[in-house]
Amino acid sequence: PTIQAKIERGEPVSQREAMGVFARLMRVRQISNSLHTVTNDTAELSARITPKIKKVLDDAQEHLVAENDAKIIMYSNLVRGGVDVLSAGLDARGIKYGVFAGRGVKGMSEANRQQAVEDYKSGKTRVIILTGAGAEGLSLGNTTMVQMVDGHYNPQRIRQAEARGIRAGGQAHRALEDRKVDVRRYVSAIPRGFFKKLFGVDSKKGVDEWVYATAARKTAANNQLRSALQARSEHEKKRRDSKLYRWFGGEP
């Protein structure tokens, strides 16, 4: 409660306090993605009963059936509650996939990661699971759907992850008007009870909504700074170009 009050008042917190907050947030994000992170259920069962992951898998399966050339990126910032439950769900549905993740995933090596990319590009697999390790640098241009299973506090990380499948020259085999990537961001939301619905009261924000809202605030702050810098630059240019400035010996 003390740390929460500090944050709400906009006061600085210590590094130790911040690390404690982020550790708890990480736990909540894992629970939000998959129930097996807090129960004795298997990851496969959680993939069937956790609403968010079930929706991700349902959408992916529907897209694969609807589009003959469908290729899907599933992006998660989490290994436990992310890569593990997505893998279990895809296995249960008989969907072939590859994984490009950091060394934290059991058995993951550089050779495994590169093989996953090659299989995806060649069409041997139509789904690839990415973590932050694949958020930058990869070019998966024939992707038709990007599924953001969970967001990130840094808006650039979100855009970089989505850009893995949105590439210049991608889907060259399609007619120009058909070249599009379906980008979907998934959140676990806290449902409103009967009385809250009756009186139009919003429910509390879930952790996914909070993360995306944090990223949105950062984007707004970045845009404000960019606009201020641009305005200052334009003002300086006008000042340098003014006759009065040159008359008083200013540099052209």
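Author: Start at Tyr153. This is a predicted model. Tyr153 has a relative accessible area of 15%. The cut-off for buried is under 20%, so Tyr153 counts as buried.

Now look at one ring partner. Tyr153 and Trp210 form an aromatic pair. Tyr153 lies in the loop between β4 and α7, while Trp210 belongs to helix α9, residues 207-241. The pair therefore ties together parts that are 57 residues apart in sequence. Trp210 is partly exposed, at 36% relative accessibility.

By the pairing rule, the count of aromatic pairs comes to two. Phe22 sits in helix α2, and Tyr153 in the loop between β4 (145-148) and α7 (155-163). So this pair ties together parts that are 131 residues apart in sequence. Phe22 is partly exposed, with 44% relative accessibility.

Phe22, Tyr153 and Trp210 are linked into a cluster by ring pairs. Arg29 lies over the face of Tyr153, 5.5 Å from the ring centre. Another ring has a charge over it: the charged end of Lys71 sits over Tyr120, 4.6 Å from the ring centre.

Next, another tyrosine. Tyr97 lies in the loop between α5 (79-92) and β2 (98-100). Its relative accessible area is 22%, so Tyr97 counts as partly exposed. Leave aside its neighbours within four places in sequence. Tyr97 is then in contact with Ser87, Leu90, Asp91, Thr125, Val127 and Ile129. Two of these names come back in polar detail. The side chain of Tyr97 makes a polar contact with the side chain of Asp91, at 3.2 Å. A polar atom of the Tyr97 side chain also lies 3.5 Å from the backbone oxygen of Ser87. For a sense of distance, take Val117. Tyr97 and Val117 are 20 residues apart in sequence, and their C-alpha atoms are 10 Å apart in space.

Follow the chain back into α5. This helix has 14 residues, which should span 20 Å at 1.5 Å a residue. Its end C-alpha atoms are 18 Å apart, which agrees. Several residues of α5 are buried, among them Gly81, Gly82, Val83, Ser87 and Leu90. What covers the buried residues of α5? The cover includes helices α2 (15-33), α3 (43-49) and α4 (51-66). It also includes strands β1 (72-75), β2 and β3 (127-130). After α5 comes Gly94, whose phi is positive, near 70°.

Asp59 lies in helix α4. Asp59 counts as buried, because its relative accessibility is 6%. The side chains of Asp59 and Tyr186 are joined by a polar contact of 2.8 Å. Beyond its neighbours within four places in sequence, Asp59 is in contact with Met145, Gln147, Arg184 and Tyr186.

Last, return to the start. Tyr153 is buried, and ring pairs link Tyr153 with Phe22 and Trp210 into a cluster. Arg29 lies over its face.

Note on methods: Residues are numbered from 1 along each chain as its sequence is written. This is a predicted model: local features need pLDDT of at least 70, side-chain atom pairs count only at pLDDT 80 or more; totals for chains, interfaces and linings use all residues. Side-chain values use heavy atoms; hydrogens and water are left out. Helices (H or I, at least four residues) and strands (E, at least two) are DSSP runs, numbered from the N terminus. Buried means under 20% relative accessible area, exposed over 50%, partly exposed in between (1.4 Å probe, protein chains only). Contact means heavy atoms within 4.5 Å. A polar contact is a pair of N or O atoms within 3.5 Å; within protein, one must be able to donate a hydrogen and the other to accept it, and residues adjacent in sequence count only if both atoms are side-chain atoms. The expected span of a helix is 1.5 Å times one less than its number of residues. Rings of Phe, Tyr and Trp (its six-membered ring) pair if their centres lie within 6.5 Å; planes under 30 degrees apart count as stacked, over 60 as edge-to-face and the rest as tilted. A charge sits over a ring if NZ of Lys or CZ of Arg is within 6 Å of the ring centre and within 35 degrees of the ring normal.
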